[in-house]
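I opened the model today to look up a few things and write them down. The entries follow the order in which I looked.

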Amino acid sequence: MNATIEVRGLRKRYGSTVAVDGLSFTVEPGQVTGFVGPNGAGKSSTMRMIMGMDRPDEGSALIGGRPYRTLRSPLCQVGALLDASAVHPGRRARDHLLWMAHSNGLPVRRVDEVIDLVGLRPVARRAAGGFSLGMRQRLGIAAALIGDPAVLMFDEPVNGLDPEGITWIRGLLRSLAAEGRAVLVSSHLMSELEGSADHLVVIGRGRVVADTSVQELLTAASSGRVMLRTGRRQEAMTVLANAGASVAANGPDTLTVSGLAAERIVALLNEGGVSFSGIAEHRASLEEAYMELTRDAVDFRGATGAAGGPGSADADGTAAGGAGGSASSSASAGREQR
Ligand SMILES: Nc1ncnc2c1ncn2[C@@H]1O[C@H](COP(=O)(O)OP(=O)(O)OP(=O)(O)O)[C@@H](O)[C@H]1O
């Protein structure tokens, strides 16, 4: 099977709410695609339509070129964790998986394989109703993997997990993609996808805001920014702003400089007799890149403002401090740092 998810012109309305508004994107094999947007952006609705659980009003969602409902053995073609609580609370974890295996003609051996894969062996004979959220997430992931599918979808899989659980999921997502599978993973927090996603589909109010590789996004967001450490902050800000740079102070002795190359900054500071103790080209975090990406997207800012968006966007949509920290003051010859 061609391991892809293709979403084309997908639209869905619930009463007066437009949940998905003409969405198109492709999830490619061999990589983890992050599906990011604030609460209510339409991620779960899209995933439900991909899985044939909801009918689109318009458009299509194809798995390996076919609608979910026409797949011959769906569990072996696509696995999904959409709702970790969708397990009968009285049923033991292993029995739940056994039932899935039996009803889909899968060998019992596969049940024990996925139990080991998600680390649930010690509790496999306990009722799922007594499971913590993290254990339920693991059980849901075991169920998604049971048919060894080439396409996988996880809706907010790290929600409520402890750091150890988050690290585990990141590693799992990476290894599934490394095996050539197409992996779509949603989150309302960009930072959760740091270190696991190769590609990002960012949505707001049911529409695509960005469809980009993580590498491209980070490169674009990092370019042209230089971190400077100096005990003579005010003088450095004046010299650099006079030369056309945007300069923002991040702390008592650190500045972020945009618009000038590092070599030029060094030359200007030397010429001006301004000493400094460190200079480095800045590498943006994913969260920072995201704020940069959505800064000019008015519609997206509205969506984040209304629903409590990703990262920290305040009422007018400006970032309240990315990984580089918030600017406490700035001397700017161009656009002010945020
Ligand atoms: N079954 C439904 N009935 C009515 N409205 C719905 C239904 N499902 C989703 N919606 C609405 O559609 C919009 C998109 O919701 P959806 O759950 O798809 O967003 P989401 O991006 O997954 O959000 P979250 O991060 O909170 O899970 C929301 O306004 C939501 O209230």
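**Entry 1: around the ligand**

I listed the residues that surround the ligand: Tyr14, Thr17, Ala19, Gly37, Asn39, Gly40, Ala41, Gly42, Lys43, Ser44, Ser45 and His188. A residue is near a molecule if its C-beta atom, placed from the backbone, lies within 6 Å of it. I note that this is a predicted model, in which local features need pLDDT of at least 70 and side-chain atom pairs count only at pLDDT 80 or more, while totals for chains, interfaces and linings use all residues. Residues are numbered from 1 along each chain as its sequence is written.

I sorted the shell by class and got three nonpolar, eight polar and one charged residues. Here Ala, Val, Leu, Ile, Met, Phe, Trp, Tyr, Cys and Pro count as nonpolar, Asp, Glu, Lys and Arg as charged, and the others, Gly among them, as polar.

Which element gives the most to the shell around the ligand? I found that H1 does, with three residues. Strand S2 (17-27) and helix H1 (43-50) each supply at least two. Helices (H or I, at least four residues) and strands (E, at least two) are DSSP runs, numbered from the N terminus.

**Entry 2: domains**

I looked up the domain assignment of the chain, which gives domain 1 (5-213) and domain 2 (225-281 + 318-332). Such bounds come from an automatic or database domain assignment. The C-alpha centres of domain 1 and domain 2 lie 44 Å apart.

I followed strand S5, residues 78-81, from end to end. Val78 and Ala80 point one way, Gly79 and Leu81 point the other way, and all are buried. A residue is buried if 20 or more other C-beta atoms lie within 10 Å of its own, exposed if 12 or fewer, and partly exposed in between, with C-beta atoms placed from the backbone. In a regular strand the side chains alternate between the two faces of the sheet.

S5 runs parallel to strand S6 (residues 151-155), and four bridges join them. Two strands pair if DSSP finds at least two bridges between them. Valine 78 has valine 151 in S6 as its bridge partner.

Leucine 75 counts as buried because it has 21 C-beta neighbours inside 10 Å. Its C-alpha atom is separated by 7.5 Å from that of asparagine 104, 29 residues apart along the chain.

Which residues of H5 are buried? They are Ile169, Arg170, Leu172, Leu173, Leu176 and Ala177. Seen down the axis of H5, these buried residues fall within an arc of 165 degrees, so they line one face of the helix. The arc is that of the directions from the helix axis to the C-beta atoms. On the other side of H5, I found Pro163, Glu164, Gly171, Ser175 and Ala178 exposed.

In helix H3 (residues 108-117), the buried residues are Val111, Val114 and Ile115. They cover an arc of only 105 degrees around the axis, which puts them on the same side of H3. The face of H3 turned away from its buried side carries exposed Arg109 and Asp116.

**Entry 3: positive phi**

Most residues other than glycine have a negative phi. I noted aspartate 148, whose phi is near 55 degrees, a positive value. Aspartate 148 is in the loop between helix H4 (133-145) and S6, and it counts as partly exposed because it has 15 C-beta neighbours inside 10 Å.

I also noted arginine 205, with a positive phi near 50 degrees. Arginine 205 lies in the loop between strand S8 (199-204) and strand S9 (207-213). Is arginine 205 buried or exposed? With 21 C-beta neighbours inside 10 Å, arginine 205 counts as buried.

**Entry 4: strand S10**

I ended with strand S10 (residues 225-229), which runs antiparallel to strand S12 (residues 254-258), with five bridges between them. Arginine 229 stands opposite threonine 254 in S12. Four bridges join S10 to strand S13 (residues 278-281), also antiparallel. Leucine 228 has isoleucine 279 in S13 as its bridge partner.
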